[in-house]
Amino acid sequence: MTAPLTIIGSGMAGLGLVRQLRALHDHRPITVITADSGDDYSKPLLSTGFAKRLPPERLAARSALAVAEELGVVMRPHTRVEAIDLAARHLRIGEERLPWGELVLATGARPATPFTMPPALGDRVFRINDLDDYRAFHAALAAHDRPARVVIVGFGLVGCEFANDLTAGGHRVALVAPEAAPLPRLLPEPLGRALGEAFQAAGMALYAGRSVTALTPDSGVVGVTLDDATRLEADLVLVATGLKPRTALAEAAGLPVGPAGIQVDRTLTAAPGVHALGDVACVAGVNAMYVQPLQASAKALARTLTGTPTEVAFGAWPVLVKTPLLPVVALPPTVPPARWRIEGGGHDLVALAEDQDERLIGFALTGRCVRRKVELARAAPPLLG
C-alpha cells in the first residue's frame, strides 16, 4: 500500500503537488498542515489586487474546506508544526505526535526585515507574503477615507510590483532602497533606472541609495527616518526587503540546509522519505522562487512519489514582472556575466548578459522590447538542464 503523505504548507507548491498526485490517480491519504487559513489562491495575484480594487475574498478561489473536499485531503489550517522527528517519523504539534509515511516540506519563504519593527506600529507596518497578509493590509487601506500615503521599503520584485499596483489603485507611494535603481537582481542599472523613471512619471517618489534607520509613531502617522536624516510621513509602511527560505524546522530536524534553502537532489529528496519543493527548496544548488520552476518541481515529485523516480529540469524561463507602468521581462544569469551588452533607447531597452566567450547566459528587456522574450529564451541556456 502507498504510504500516507503529509505536506507542510498549503501554498502553490503544496496544493500543486496534491493536484499532480490526484491527476496520476494516486488516492493515498494526504494530510496538509498549514500555519495560515489554507485557502486556495494564486500568490502572484497578491500584487495586482489593489489596482483592481479586489477584496481578499475575490483572490481566494476556494476555502480550505472546499479544497479538502475537492482533493480528498485532510486540511489542518492555522496549525504550526513545532518539530520533525526523523527517527520516529512523526511531527510534534503541541502535545500531539502525528505520524507520517512520507513527508513533503513546502514551507515557502518568509520576508526578511533589515531593521527593528516597533510593536506600537504593528497595525501600520506590514509585509505581504500570503493571503492573510493581504487581508490585513487591505483592511488597513480601507480604514482610510482618502488615498493612503504608503512608504514601500525595497527595490526588489515584491516592492516594485506593489508600488505599481498601489499607485494604479490611487495611493501615494514612496519607494525607498539602498540600491541605485529598482530590480537590482534582475536588471542592469540602466534598465533599472528606466523603470524608476517610469515610476516617477506616474507620481511615485523614489529614494534610491537610502536606508531606513527608524520607524516611529507620530500623531497617527508613521515617521520614516532615512540614513541621510530625511524624514517621510506615511499612513502605512510596506516592508518588501526580500525573502528567506523557511528552513528552521528542517534544520532543527537535521536535514541538509544552506542559505538558499533545504538541500535536495533533482528528485526533490532531502533524506529517505523526506522531500522539499517550492521557495524553500534548493534543487541541486538552484533556488528559483518563480512559478514555472515550482510547477515543474511539483510534476516531477508527483511522479517520484508514485513510483517513477524523476529528476526535475528547469528551462530558460524568463520572469515577467508585473509593472504595467513599464513592462519588464528578465532571465537573470545564474553566474555573474562578463559583460552586459545594452541596446535600444529611451525606455525600450535590451540587455544581453554574456560570458567571456560572448555566449548569451541571460537577458533583461523593458518597454516594447519585451516582445523579444521568446526569441532570446530559445537562445539562452536552461536554468537547470
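Biologist: Let's start with Pro 111. Which residues is Pro 111 in contact with, leaving aside its neighbours within four places in sequence?
Modeller: Pro 111 is in contact with Arg 127, Asn 129, Gly 242 and Leu 243, once neighbours within four places in sequence are left aside. Contact means heavy atoms within 4.5 Å.

Biologist: Before we go on, where do these values come from?
Modeller: This is a predicted model, where local features need pLDDT of at least 70, side-chain atom pairs count only at pLDDT 80 or more, and totals for chains, interfaces and linings use all residues. Residues are numbered from 1 along each chain as its sequence is written, and side-chain values use heavy atoms, with hydrogens and water left out.

Biologist: Fine. Which strand does Pro 111 lie in?
Modeller: Pro 111 lies in strand E10, residues 109–111. Helices (H or I, at least four residues) and strands (E, at least two) are DSSP runs, numbered from the N terminus.

Biologist: Is Pro 111 buried or exposed?
Modeller: Pro 111 is buried, with a relative accessible area of 19%. Buried means under 20% relative accessible area, exposed over 50%, and partly exposed in between (1.4 Å probe, protein chains only).

Biologist: How far apart are Pro 111 and Cys 282 in space?
Modeller: They are 17 Å apart, C-alpha to C-alpha. In sequence, Pro 111 and Cys 282 are 171 residues apart.

Biologist: New topic, sheets. In what order do the five strands of the open sheet come?
Modeller: The order is E11-E18-E12-E13-E14, and the pairing is parallel. Two strands pair if DSSP finds at least two bridges between them.

Biologist: Which strands stand at the edges?
Modeller: Strand E11 (125–126) and strand E14 (205–208) do. Each has a single partner strand, so one side of each is left without a neighbour in the sheet.

Biologist: And how many bridges join E12 to E18?
Modeller: Four bridges join E12 (residues 149–153) to E18 (residues 236–239). Val 153 stands opposite Val 239 in E18.

Biologist: What about E6 and E7, parallel or antiparallel?
Modeller: E6 and E7 run antiparallel and are joined by three bridges. Ala 83 stands opposite Arg 92 in E7. The two strands form a hairpin with four residues between them.

Biologist: Which residue in that turn has a positive phi?
Modeller: Arg 89, with a phi of about 55°. Arg 89 is a residue other than glycine. At 30% relative accessibility, Arg 89 counts as partly exposed.

Biologist: Where does E7 go from there?
Modeller: E7 also pairs with strand E8 (residues 96–99) in the antiparallel sense, over four bridges. Arg 92 has Arg 97 in E8 as its bridge partner. The hairpin of E7 and E8 has two residues between the strands, and Gly 94 takes a positive phi near 60° there.

Biologist: Now rings. How many aromatic pairs does the structure hold?
Modeller: Five. Rings of Phe, Tyr and Trp (its six-membered ring) pair if their centres lie within 6.5 Å; planes under 30 degrees apart count as stacked, over 60 as edge-to-face and the rest as tilted. One of the pairs is Phe 50 with Phe 137: the centres are 5.5 Å apart and the planes at 80°, so the pair is edge-to-face.

Biologist: Where do Phe 50 and Phe 137 lie?
Modeller: Phe 50 lies in the loop between strand E3 (40–41) and helix H2 (56–59), and Phe 137 in helix H4 (residues 131–142), so the pair ties together parts that are 87 residues apart in sequence. Phe 50 is buried at 6% relative accessible area, and Phe 137 is buried at 0%.

Biologist: Last one, helix H5. Why is H5 described as largely enclosed by the rest of the structure?
Modeller: Nine of the twelve residues of H5 are buried, so the rest of the structure largely encloses the helix. Those buried residues pack against H4, E12, E13, H6, E18 and strand E25 (319–321). After H5 comes Gly 170, with a positive phi near 95°.
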